[in-house]
Amino acid sequence: MNPARKRTVRLVVALSAAVILASALIYTSFSAASPTVTPSQLVREAVPGHAYQLTGKVKPGSVRHEDQTLYFSIQDRAGGAAVPLSYTGEVPGPFREGREVIVTVEKQGTRYVGQQDSLITKCPSKYKETPSQTTSS
Amino acid sequence: MGAVVAVLTLILLAVVIAVVSRPLFTAHTPRDPSELDDSQAPARSELEVAREAKYREIRDTELDYRTGKLSTEDYDAVNGALRAEAVEILDRLDALDGEREEPDAE
Amino acid sequence: MALLGGACLVLALGVCAYGICASIYGVRAHRPEFSESGRRSVYALAGILTVAFLVLELAFLRNDFSFNTVADTSSTTTPTFYRAAAVWSSQEGSLLLWAWLLSLWSSLVLFLTRKRMREVSAYATAILLGFGGFFISLMIFYATPFATTNPAPADGVGLDPLLRHPSMMIHPPMLYSGYTLCIVPLAFGMGALLARKVDAEWIRATRRFAFAAWLFLGVGIMLGARWSYSELGWGGYWGWDAVENASLMPWLTGTAFLHSLMIQEKRGMLKVWNVSLVLATGTLAIMGTFLVRSGVLSSIHAFGGATLGVPFVVLIGVLVIGSIYLVSSRREMLRSEHRLDSLLSRESVFLANNLVLVGLCFVIFWGTYFPLISEALTGHESSVGPPWFDRYTVPLALVLVLLSGIGPVIAWRKATFANARRNFMAPVLAALITLTVLLLAGVSAGKPFAIAMFCCAAFVLGSVGQEYWRGVRVRRAIAGEPVPTALVALVKRNRRRYGGYIVHIGIAVLFVGVAASSSFQHVSELSLSPGQSTKVGAYGVRYVRPIATITSQSDKAHTGATMSLGAVLDVSKAGKHVATLSPSEGFYDSGDPSEGSVSHLIGGQAVSHVSMNSGVTRDVWSAIAPDISTPRLQRIMTIANRTIPYIRPDEGMIALAVLEREYLKAPPPAQFKLIVSPLVLWIWIGGGIVLGGSLIALWPAPSAVRRRVSVRARSRAARDLARA
């Protein structure tokens with residue numbers, strides 16, 4: 001095989017490998033992903049047995065510890081419908097009422113159960129929109 | 001307070017204008033010989049950089065040979081090719097020098 | 001003073017506008033004095049932004065709460081060091097830091113290249129000023145650091161306690177230096193394409209700044225990982241969070257660029273690839289900057305302030321479209337001068353390494369932006385978690401480490417197959433011995449990837465060790481020096497090669513640490529009362545006694561915690577005492593009277609203080625979440641809230657002292673997280689080795705040495721050819 005042909009073959013092989021790998025990647029990302037929803041969306045769309053990424057604010061007054069389980073409600077950032085859930089596992093330090101959190105939940109029957117250790121609390125907002133900021137901009 | 005700020009701002013503005021506009025007013029005097037012939041300067045520095053890179057390649061290949069990565073035949077082949085490329089660059093540099101020297105020689 | 005700051009911003013914007021016009025006019029109309037003026041605009045910009053930054057910094061140090069930024073992130077009780085660093089903990093302040101750093105690096109690079117690359121520099125100047133102008137406009141129109149409130153509040157909100165850690169204060173400037181430094185090669189890349197001059201000079205100028213960017217980004221990433229591990233309560237160093245990924249991506253493309261640049265230098269190949277990498281690195285840096293501020297992705301670090309999202313999207317769009325246009329319209333000029341001589345060559349290995357790095361970057365990019373991609377394609381937003389990332393990055397990382405061990409053994413241009421085969425024997429042997437030892441020691445236990453990584457690392461160590469051994473032997477044959485002198489001389493004369501080898505060792509060591517600590521970790525989360533013990537891996541941990549401190553008594557870490565509750569843990573192995581750990585949780589003042597006149601003192605952000613014992617073979621890590629919600633303790637707080645007014649915090653402290661005493665007397669069970677992680681220390685050591693190796697590799701040789709070498713080489717070249 002002359003050098004030019006060798007080079008073309010190499011290129012085709014490399015490109016095909018890249019395309020195959022990329023396709024595998026893309027395919028699995030869609031099947032491995034869990035939808036990100038807000039509480040109001042979750043209430044509307046939740047299918048039992050599916051995992052969802054729930055994001056929202058912890059509703060003030062809703063936090064309760066009982067043995068190893070944490071009970072709290074999450075509501076939309078703008079307020080409104082709150083989703084009560086139970087959660088076991090690690091609770092990040094910054095977790096607090098009014099904080100924005102992300103937790104993976106599953107609907108079991110009529111209740112929502114948080115996946116173990118999936119609770120993430122947003123870093124206390126360094127770039128929060130404070131009243132002073134909004135008036136000056 | 002407002003007056004102090006205004007004065008400081010004006011001073012800053014003046015300094016900025018002075019710094020930025022200086023080249024526009026001073027005559028463009030060449031500061032080193034390579035600037036005399038501006039069209040040549042880029043070609044020369046380009047060749048010089050290429051020459052350094054080629055020398056480095058020659059040294060790298062020799063080190064490859066001495067640390068046992070190349071057989072003697074392969075080394076001779078690559079080394080010869082590299083040195084030929086190096087001489088080519090040197091020739092081109094000399095040609096540039098020759099062009100420049102001509103006006104003086106006259 | 002805020003007015004001065006604001007005036008500086010306006011002046012800076014004007015200078016940017018002028019500089020862009022002057023530079024472009026100067027290069028198009030062949031009027032070098034205008035290009036020169038454009039360059040000086042960059043110097044002027046650096047000066048103006050320095051003044052602006054000083055104004056803001058002074059406001060923080062002087063506790064000038066009329067500045068909104070100061071009031072939002074600092075307070076009279078914030079220690080001076082954190083006050084000074086709080087400048088960049090807000091959106092506005094960090095924008096100013098970004099613009100200021102960009103102006104400094106731009107001034108430096110333009111000063112260093114002032115006598116060369118005139119056309120390329122002129123375009124690069126315009127592009128750099130364009131970026132500066134963008135960030136300054138953001139500040140003027142969206143988020144100004146110099147907004148004031150009149151009358152000024154008496155005190156500020158204070159810095160979030162989670163951020164009161166030295167690494168957290170250095171982490172942003174390091175990362176920003178990395179991001180802004182990525183913009184310089186981008187500007188010079190675009191400038192070179194615009195001036196149609198992608199050549200050896202461009203390579204040499206770009207390399208230094210690409211290296212500096214890579215270095216700072218790497219340090220920033222490592223500091224972030226270290227902070228996460230030693231300060232946050234989850235005990236991990238990498239979570240595939242969007243912002244972590246955003247800083248890793250330009251680092252990966254930067255690494256690829258530094259390698260493939262060598263190929264372009266030697267063979268005139270991969271020009272399209274290299275300019276694309278350089279443009280991609282800069283664009284990824286901008287995307288990283290954008291991710292943190294736009295709230296567009298749900299992640300730990302996604303902050304609100306969605307107003308900044310739109311301008312960034314526009315900028316990124318311009319960058320992507322502009323890059324594609326520039327590269328495709330100049331592709332004739334970017335044709336390769338040569339082709340790969342042979343698949344068995346170091347060039348070939350470098351190319352493979354590039355493909356793996358870009359592949360890694362693509363995987364991480366896809367996973368990070370998947371919420372946006374899935375929303376665009378399916379209408380529903382979904383996200384992928386760490387298991388998905390691990391599934392694809394682990395095999396790629398294995399290949400990467402393996403390649404870094406193959407490269408040193410192969411010669412440039414075209415290696416001799418027989419020699420290569422022989423040279424692989426020692427590294428392969430090292431890998432096989434490692435595999436055997438691990439299997440015999442019963443380590444495997446179903447962790448194939450970790451075993452594979454250990455073997456690959458052994459392969460790298462064998463390969464690099466062999467190279468050093470052979471190199472020293474060569475040196476001694478030439479100069480007859482003793483081994484240590486020969487070693488030093490060898491490295492000094494071949495910095496890039498031997499420094500690079502050290503970097504590869506560092507990477508291998510780092511991955512060994514990562515593999516060991518992720519695959520062989522023991523984690524225990526449980527509730528313990530004093531006297532109780534538990535087993536974590538091979539270690540026994542006993543909760544000896546509780547500890548409690550109140551600020552008035554001691555605040556050694558200057559963390560400003562009102563009260564700190566913790567535990568003394570005794571760690572032992574096979575009955576022998578190993579270490580004493582004292583994790584604690586700090587309770588801070590929330591400043592919110594509605595929580596209760598005394599409760600507010602400990603009602604703020606609770607911060608976990610991790611306690612760990614680091615060792616060469618393992619880390620024992622502990623965190624505690626004490627329970628202060630027991631009826632007994634709550635009763636104390638309720639009574640205190642009722643009887644002590646908000647305005648008497650000193651009396652509130654007395655109440656807390658009662659609480660403290662009660663906690664120590666009858667401590668309720670506390671939640672503990674205990675982790676035994678093997679070889680974590682080697683991650684940090686590996687990072688240090690990478691740093692040291694890269695400094696050696698890219699430290700410029702003193703020019704006297706260079707001249708001597710080149711004169712000698714020239715005369716030899718001429719002589720040899722005269723002979724031939």
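## A look at the three-chain model

C:Ser517 is buried, because 24 other C-beta atoms sit within 10 Å of its own; the cut-off for buried is 20 or more such atoms, with exposed at 12 or fewer, partly exposed in between, and C-beta atoms placed from the backbone. Before going further: this is a predicted model, where local features need pLDDT of at least 70, side-chain atom pairs count only at pLDDT 80 or more, and totals for chains, interfaces and linings use all residues. Residues are numbered from 1 along each chain as its sequence is written, while chains are lettered from A and ligands numbered from 1 in the order in which they are written.

Back to C:Ser517, which belongs to helix α19 (residues 495–519) of chain C. Helices (H or I, at least four residues) and strands (E, at least two) are DSSP runs numbered from the N terminus. Leaving out residues up to four places away in sequence, C:Ser517 touches C:Ser677, C:Pro678, C:Leu679 and C:Val680, where a contact is a pair of C-beta atoms, placed from the backbone, within 7 Å. C:Val318, on the other hand, is 199 residues from C:Ser517 in sequence and 42 Å away in space, C-alpha to C-alpha.

**How confident is the predictor?**

For the complex, the predictor reports an ipTM of 0.80 and a pTM of 0.88. Per residue there is pLDDT, the predictor's confidence from 0 to 100.

| Chain | Mean pLDDT | Residues at 70 or more |
|---|---|---|
| Chain A | 77 | 86% |
| Chain B | 79 | 77% |
| Chain C | 87 | 92% |

In chain A, helix α3 (residues 131–136) has the lowest confidence, at a mean of 28, and strand β5 (residues 82–88) the highest, at 87. Residues 125–137 of chain A have pLDDT below 50, and that stretch makes 26 contacts in the model beyond near neighbours in sequence. Where pLDDT is low, the predicted coordinates should not be read in detail. In chain B, helix α3 (residues 72–105) comes out lowest at a mean of 81, and helix α1 (residues 2–25) highest at 88. Residues 31–38 of chain B stay under 50, with six contacts beyond four places in sequence.

**Chains A and B**

Chain A has three helices and eight strands, in the order α-β-α-β-β-β-β-β-β-β-α along the sequence. Of its 137 residues, 31% are buried. Taking contacts in chain A between residues at least 6 apart in sequence, 47% link residues at least 24 apart.

Chain B is made of three helices and zero strands. Here 19% of the 106 residues are buried. Among contacts in chain B with a separation of 6 or more, residues 24 or more positions apart account for 68%.

**Where B meets C**

Contacts join 39 residues of chain B to 48 residues of chain C. On the chain B side, the elements giving two or more residues are α1, α2 (41–66) and α3, and α2(B) gives the most, with 14 residues. By class, that side has 20 nonpolar, ten polar and nine charged residues. Ala, Val, Leu, Ile, Met, Phe, Trp, Tyr, Cys and Pro count as nonpolar, Asp, Glu, Lys and Arg as charged, and the others, Gly among them, as polar.

**Inside chain C**

Chain C is split into domain 1 (1–159) and domain 2 (522–682), with bounds from an automatic or database domain assignment. Their C-alpha centres lie 43 Å apart.

So which residues touch the most other members of the largest nonpolar core? They are C:Ala12, C:Ile48, C:Val401, C:Ala457, C:Ala508, C:Phe511 and C:Val512, in a core of 188 residues. Helix α8 (residues 200–231) of chain C gives the most to this core, with 17 residues, and each of domain 1 and domain 2 of chain C supplies at least three. A nonpolar core here is a set of buried Ala, Val, Leu, Ile, Met, Phe, Trp, Tyr and Cys residues joined through C-beta atoms within 7 Å. Apart from this core lies another, of 21 residues, including C:Leu528, C:Val536, C:Tyr543 and C:Met612.

Lastly, a strand pair. Strand β7 (residues 584–587) of chain C runs antiparallel to β8(C), with four bridges between them; pairing calls for at least two DSSP bridges. C:Gly586 faces C:Val607 across the pair. Strand β8 (residues 606–609) of chain C is covered on both faces: C:Ala606 and C:Ser608 on one side, and C:Val607 and C:His609 on the other, are all buried.

Technical notes:
Two residues are in contact if their C-beta atoms, placed from the backbone, lie within 7 Å.
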